[in-house]
Amino acid sequence: MKLDWKACFRIGVSVFLLYLCIRYWPKAADILLAAFHAASPLFIGCGIAYFVNILMRFYEGHWFSKTAAGIAAKSRRPLCMIGAYLTLLIVMLLVVNLVVPELVSCIGVIISAVPAAIESIINALLRLHILPENLTEASNAVNWQAKIDQLFNLLTASAGPIVNVIVSTASSFFSGIVTALVGIIFSIYLLLGKDKLAGQCRRLMERYLRPSWNRNILYVLHVLNDCFSHYIIGQCMEAVILGTLCTLGMLVLRLPYATMVGTLIAFTALIPVAGAYIGGAAGALMISVSYTHLTLPTNSRV
């Protein structure tokens, strides 16, 4: 094997960079972490663009002809992209509209059932002789003023940390909103110029990679894209079918919260393996709470 000065220079630079990474690894890790946080909106934008592109390709393949010319050809990409984003936005608004009102109703049922549940628990504890029979005398024996003063002092002492937590939560919330907006804007740029970007990446790989490496990398990327896109489409179809069947079955059986539980199951079914079970458990809990409220005695309800 013949070594020239270029190969020796590359080996020397690689060894030197490896030594710097090992020697100053904490600082290098901090720099990499800061760079990752700075580029997180771009990664989020790439993820959004990948998911939206699946629906966008469907619109491009079925609603617009590739042989179209003139204004139709120029408007094909923007219209398909707008249609994909509007479809996802409508689905999200529909989910919120179906879940939130009935969720508020369910929370109201739970809150209204709390006094009766507390009363039943107290009666059970009295029957088991765990609590004193005369709770009034026991409560009068407590120095409530001292307890209130202790609580006030505790809240006053922890006012600073509470304010810090509120400020940190608010800053994290607004930072998340800004990150999401930047990611959406970046995804729009990616979707509008995806053909040009793909061509530039392909030419860059052909220029700096060997032909065998280039073919292998393109094959792996093609297989990954094909597998992930089909998996996402299959999960969405399964979620829609499962949520629709659950809603129809609950409507036939006249169970409460049919649309909310069906939508919740459809949404959680996107989680692999355990998603549908999580949605089913949450729906069963809400239905059981509703029937428990209905079976309570009339004089114990609020």
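Is Ile48 buried, partly exposed or exposed? In this predicted model, local features need pLDDT of at least 70 and side-chain atom pairs count only at pLDDT 80 or more, whereas totals for chains, interfaces and linings use all residues. Residues are numbered from 1 along each chain as its sequence is written, and side-chain values use heavy atoms, with hydrogens and water left out.

Ile48 has a relative accessible area of 25% and is therefore partly exposed (between buried, under 20%, and exposed, over 50%; 1.4 Å probe, protein chains only). Ile48 belongs to helix H3, residues 40-62 (helices are DSSP runs of H or I with at least four residues, numbered from the N terminus). Leaving aside residues up to four places away in sequence, Ile48 touches Tyr85, Gly183, Ile184 and Ser187 (contact means heavy atoms within 4.5 Å).

The contact involves Tyr50, Phe51, Ile54 and Arg57 of H3 and Leu224, Asn225, Phe228, Ser229, Ile232 and Ile233 of H9.

Helix H9 (residues 211-252) packs against H10 (residues 258-268) at about 160°, with the axes 8 Å apart. H9 is thus roughly antiparallel to H10 (over 145 degrees).

Notes:
Axes fitted to C-alpha atoms, helices over the stretch in contact; angles between N-to-C directions. Helix = DSSP H or I, 4+ residues; strand = E, 2+ residues; numbered from the N terminus. Parallel < 35°, antiparallel > 145°, perpendicular 65-115°, else oblique.
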